[in-house]
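Hi,

Here is the structure I promised to pass on.

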Amino acid sequence: MRGLSTRHSGARAQLASPESITANAGGYGFRVRRCAPSRNDATKFLRRCRAWLVAAALALALAAFAAPAVAQTIDFPVLSGRVVDEADILTDRARVELISKLATLEAKTSDQLVVVTLRSLRGQTIEQYGVALGRRWQIGQKGKNNGVVLIVAPSERKVRIEVGYGLEGVLPDAVAKYIIEQTILPHFRARDFTGGISRGADDIIRVLTGDAAEWKARAAGYEPSFADRLKRTFGSGGSLALGLVLAGICVLLLAAIGWLFVNALVAFLVWAGLLPKRRRRDRLEPSHAHHSYYGAGAASSSYGSSSSDGGFSGGGGDFGGGGASGSW
């Protein structure tokens with residue numbers, strides 16, 4: 001009797017425990033465990049909203065980092081010489097004179113300057129296309145990265161001077177912008193493409209062979225804007241990545257504001273008695289004695305060129321988005 005009484009006392013103590021109550025139903029042991037407070041429906045909805053917002057922000061970030069992969073799908077003209085006139089806007093005489101100037105520059109300094117006119121930008125911005133083209137053609141010497149590409153897209157009315165890594169100190173963005181604004185664009189606005197390209201190439205050559213400090217002083221008022229610096233930071237996917245980053249920032253700001261507003265609203269509704277407070281509930285789960293019964297697992301393009309330059313090719317140079325652009 002004493003043993004029976006002791007067992008009954010232990011059972012009563014176990015049943016009286018607020019944390020664990022053991023029941024026997026059909027030969028299977030179950031434990032009723034008091035759970036931690038569960039969130040109400042409004043709070044669960046808020047949690048799902050936050051998860052979706054975080055997922056959207058991550059997707060935008062991944063898209064920004066994937067933007068340079070766009071270069072793999074761009075169509076490029078064939079590098080047939082130092083002058084590639086795909087848009088056919090240069091006269092024969094201008095092509096010959098340009099080729100001679102550019103060959104002399106390379107012989108004197110080893111710097112490579114290439115002039116290219118495009119039928120179109122193939123759906124890209126000129127910044128995207130410029131750095132991708134420079135890398136594809138590998139203008140400049142390997143290790144020196146001393147290449148420059150003067151790009152003209154008359155259909156989109158865009159022009160760019162793309163500068164290789166090794167010449168960014170000699171031909172910085174401000175100087176490239178100065179040459180575009182002061183030399184090239186006035187000719188283009190007068191529909192003198194030959195004059196604008198020829199004079200622009202002359203100025204680039206003067207910077208590379210002359211007093212770079214003097215040109216930097218002239219270009220003091222042409223420092224790139226904050227947006228231009230961001231575009232350069234993201235390389236060939238500059239414009240796309242800039243848009244994605246700004247969109248991601250907006251999403252995060254809206255998410256933070258929405259989170260604060262919804263939490264404040266839920267707190268007010270609970271305080272006013274319009275929403276139920278968090279409540280405790282019980283759930284059944286198998287006890288340790290029979291847990292194993294349920295199993296652990298239940299729960300190149302074909303475009304040609306109109307110039308020929310004796311088998312000219314890039315020397316292995318690389319580009320990082322340095323340079324400047326303009327439009328007319």
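A word on terms before the notes: two strands pair here if DSSP finds at least two bridges between them. Helices (H or I, at least four residues) and strands (E, at least two) are DSSP runs, numbered from the N terminus. Keep in mind that this is a predicted model, in which local features need pLDDT of at least 70 and side-chain atom pairs count only at pLDDT 80 or more, while totals for chains, interfaces and linings use all residues. Residues are numbered from 1 along each chain as its sequence is written, and side-chain values use heavy atoms, with hydrogens and water left out.

Overall picture

The protein has 10 helices and eight strands. Of its 328 residues, 38% are buried (buried means under 20% relative accessible area, exposed over 50%, partly exposed in between, with a 1.4 Å probe and protein chains only). It exposes about 18,200 Å², with carbon and sulfur atoms supplying 58% of that; the areas come from the Shrake-Rupley method with a 1.4 Å probe, and for residues only the protein chains shown count as cover.

The strands

Seven bridges join β6 to β8 (residues 319-327), and the two run antiparallel. Within that pairing, glutamate 162 has glycine 323 of β8 as its bridge partner. On another pairing, β6 is joined antiparallel to β5 (residues 147-153) by six bridges, with leucine 150 partnered by isoleucine 161 in β6. β5 and β6 make a hairpin with four residues between them, and arginine 157 in the turn has a positive phi of about 60 degrees.

β5 also pairs with β4, this time in parallel and through six bridges; valine 115 stands opposite leucine 150 there. How many of the seven residues of β5 are buried? Seven of the seven, so β5 is largely enclosed by the rest of the structure. Both of its faces are covered, with Gly147, Val149, Ile151 and Ala153 on one side and Val148, Leu150 and Val152 on the other. β6 is mostly covered too, with six of its seven residues buried.

The cores

In soluble globular proteins, nonpolar side chains tend to be buried together. Here the largest nonpolar core has 36 residues, and those with the most contacts inside it are Val159, Ile161, Leu171, Ile179 and Phe188. (A nonpolar core is a set of buried Ala, Val, Leu, Ile, Met, Phe, Trp, Tyr and Cys residues joined through side-chain atoms within 4.5 Å.) At least two residues of this core come from each of α3 (92-109), β4 (112-117), β5, β6, α5 (173-189) and α6 (193-209). α5 gives the most to this core, nine residues. Apart from it lies another core, of 20 residues, among them Phe76, Ala132, Val149 and Ala153.

Charges

I get 13 salt bridges, each being a side-chain nitrogen of Lys or Arg within 4 Å of a carboxyl oxygen of Asp or Glu. Glutamate 162 is buried at 0% relative accessible area, and arginine 160 is buried at 5%.

Arginine 122 forms a salt bridge with glutamate 86, with 2.9 Å between the closest N and O atoms. That pair links distant parts of the chain, 36 residues apart: arginine 122 is in the loop between β4 and α4, and glutamate 86 in the loop between β3 (83-85) and α3. Arginine 122 counts as buried because its relative accessible area is 19%, and glutamate 86 is buried at 5%.

Two residues other than glycine to check for backbone: glutamine 138 has a positive phi near 60 degrees and sits in the loop between α4 (126-137) and β5. Arginine 191 likewise has a positive phi near 60 degrees; it lies in the loop between α5 and α6 and is exposed, with a relative accessible area of 61%.

Cheers
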